[in-house]
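Student: Can we go through this one together? I'd like to start with the overall packing.

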Amino acid sequence: MTIFTPTNSDEVLSTVAWAAAEESPLEILGHGSKRGIGRPQQSEHTLDLSKLTGVTLYEPAELVLSAKAGTPLADIEKLLAENGQQLAFEPLDYGPLFGGEAGKGTIGGVLAANLSGPRRLKAGAARDHILGINAVSGRGEAFKSGGRVVKNVTGYDLSKLMANSWGTLAAFTDVTFKVLPAAETEVTLAVRGLLDDAAAAAMALTLGSSAEVSSAAHLPERIAARVAGGTLGNEAATLLRVEGFGPSVAYRIAALKTLLGKAGPLEEISGEASRVIWRDVRDCRPFADGSEKPVWRVSMTPGEGHQMVLTLRMQAAVSAFYDWQGGLVWLRMEEGDPEAALLRGLLRKHGGGHATLVRAAPSHRAALPVFEPQAPALSALSARLKQEFDPKNILNPGRMA
Amino acid sequence: MSGLAMPKPDDATMRRRDEIVADMRIIVPGEGVVDAANSMRAFESDGLTAYRQLPLVVVLPQTVAQVSRVLKYCNDRNIRIVPRGSGTSLSGGALPLEDAVLLVMSRFNRILAIDFPNRVVVAQPGVTNLGITTAVEQEGFYYAPDPSSQIACSIGGNVAENSGGVHCLKYGLTANNVLGIEMVLMNGEVMRLGGSHLDAEGYDLLGVMTGSEGLLGVVTEVTVRILKKPETARALLIGFPTSEQGGQCVADIIGAGIIPGGMEMMDRPAIHAAEDFVHAGYPLDVEALLIVELDGPSVEVDHLITAVEAIAIRNGSTTCRISQSEQERLSFWAGRKAAFPAVGRISPDYYCMDGTIPRKELPRVLAGMRELSEKYGLGVANVFHAGDGNLHPLILYDANVPGELDKAESFGADILRLCVKVGGVLTGEHGVGVEKRDLMPEMFNQIDLDQQMRVKCAFDPNHLLNPGKVFPQLRRCAELGRMHISGGKLPFPDIPRF
């Protein structure tokens, strides 16, 4: 058991080439903030990329930033904020859900896990912002894809293929992301006391309007108290975020109020208080309880979410909340059994999608498919792709199995 | 055709043509098989009209089962397939091959579902880009990517090419607006990627399919997200004495945190050609003309118009008009939208290029282009998606002058080399196709290209789907799969380890 800690891309290349020649599996690691996701690893050696750091290019006017893969996300977000910019896809921080520290994670991990947040539908995920990569395949070869410009269709988009590959296709050495201006003003409108179905109707109504709601979430009763240090209180909160320039935000909030009419009592939350709420929704804070109770991240047609949860509740004890613009339902299984077959069966009946068992005891993660199983032809195609990048199966073997 | 080498026709396939045509008629009965030379003429080229080739046979399937059977039939018999949507590719992506079945998807022309509460549309791949917007606009929605061929180009073709348009800085490319597809692999397997939910459960195959130029699979259904139309849009028409000032103005707009709905620049030759053609009222004494369009609620648009105007003046604009009516806004765009035909009026032929550069390199690239223009003795006019650095030089030439097409192509290749040299890429939105195929090594080394071809091997190991496109040299998958192991010792013995 050796931990390799390369500090430059040549060392990454030589390490992976050596592992390929030895046919000796490597666990690829940044800060390990997402290590609890996926089938537990039993790799012989570890490739620790946390010392492969540094922003190598940042041109705010060109909306582009390149960094070595192990650069802390927190450093990048700080640099961007100093220039009034951001990663618009709001990469979520899995740390708290696993009882870890907040603010960890590397930029390479952002791509490997295809992170996103409550602006997902409007602003995309990591896959929508990645412009280029340099990486080392499991063949022990350094390759690149994409570039540093925002519009590029030259060759296959291997950079996107790396999104959600969880270190199983290549070890990244450099990544280039599109960056965007941060919103000048942010205001959240909260409708209080709605039941799930009324909340779904209110969200569909407002998201289909021209008010350009950037994020929408529904926190049912009691769940609402678990974000932003309890400032929202226990009562259910249906949250709509509006971002942009001041006069526009004021106008759109007014339009939403008219649209919602008498849906329920309305509250306006602005600035930092709003940002804290959305950060907590993004990071699944309501279920960051220090336990190992199974947590599911379910990506599905938003309009079907509450109906699926209603049916699920009849057969299992479950807590749920809805990150609509993230396209997500988050579930915590209260009795400790992940109920994978039940949930995935219901999901298929409710428009399809995919359920990822992001948190569970290692025994459950070893016994159940953590990632949604694919249809046979698709699964075979994915396996062929893995083979083309990593024929000796040395990069995070089995993690996505 | 100038010196473009396409894969050598397969003799066995050519000899079996009659049998193949007959079998295609069994799989696709009725009007769906075209084999007479004069009828196939309509399919002999796409938007890159300098290249023409009659296919082996044209097949127009109507069902997914037919597509699957055609592909499996061809896969089993080692017959090549070239897929085609509406045939508007500007890079020769749908150029037929003499020994290949041309699989035309135009009869897949129905919208299958519109879901307003979840804001998605499910369409067959032959539906036009504009057809999606037309289907939902009565409810105030639209489909955002708007390539200039949107009236004709198909949504399936948009997926294959990852099409852009003038609004993609703010609203994204096809890849950012497609949620799911159904596709058929060369072996006939039908599979679904994504749906009306977001992201993939495993590898992002939808991401790699988008922009794969018909080399990986045939798209048979597309799910896209639709957006609510902005309440209003207004535009500014800004002239600058130099392209540097125009470029700096663009940088400052973005630096102020403003992402306009559209931001287009034209150089002097393009301005003059457009003005002569449509009389849009463009100033003729400027070197760079910028159109900035802002969309959203009118209170936001008014706020940003003021901000952009101030930035323009600060950068030394000599004219700055602000649209006061929808009619005036459209008149600002009229010249830009007519730029290609306008250039077509001042030159017998023109060749449209498509590089992307880091925006700050614009003055250097324009200067380089002027030098090349003198060297080749051919004029060039430029339109530029200024927000995202996507440059469309239009090279003026006369195909009836012997050698001038070759000269135009060499000029174009030099421009693209220049784009790569300053940190840009060969193609921003038109695709590699056959046009830029042989320039791929300017951007990628052999390892990079081999890894891309290995992706192809996972989808189509016999290189039967759209061969001769994108990759300058096809290598057999068995050869690509081999690993060259350099021995089991660590070349960096001093690497930190614990």
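Student: What share of the residues in chain A is buried?

Tutor: Of the 401 residues in chain A, 63% are buried, meaning that 20 or more other C-beta atoms, placed from the backbone, lie within 10 Å of a residue's own. This is a predicted model, where local features need pLDDT of at least 70 and side-chain atom pairs 80 or more, while totals for chains, interfaces and linings use all residues. Residues are numbered from 1 along each chain as its sequence is written, with chains lettered from A and ligands numbered from 1 in the order written.

Student: And what is the radius of gyration of chain A?

Tutor: It is 21 Å for chain A, which agrees with the value near 21 Å for a compact globule of 401 residues. The radius is taken over C-alpha atoms, and the globule rule is 2.2 Å times the number of residues to the power 0.38.

Student: Now domains. Where are they in chain B?

Tutor: The assignment, automatic or from a database, gives domain 1 (111–228), domain 2 (232–340) and domain 3 (347–431).

Student: How many residues of domain 1 of chain B touch domain 3 of chain B?

Tutor: Seven, against six residues of domain 3 of chain B. The centres of these two domains, over C-alpha atoms, are 29 Å apart.

Key:
Contact = placed C-beta atoms within 7 Å. Buried ≥ 20, exposed ≤ 12 C-beta atoms within 10 Å, placed from the backbone.
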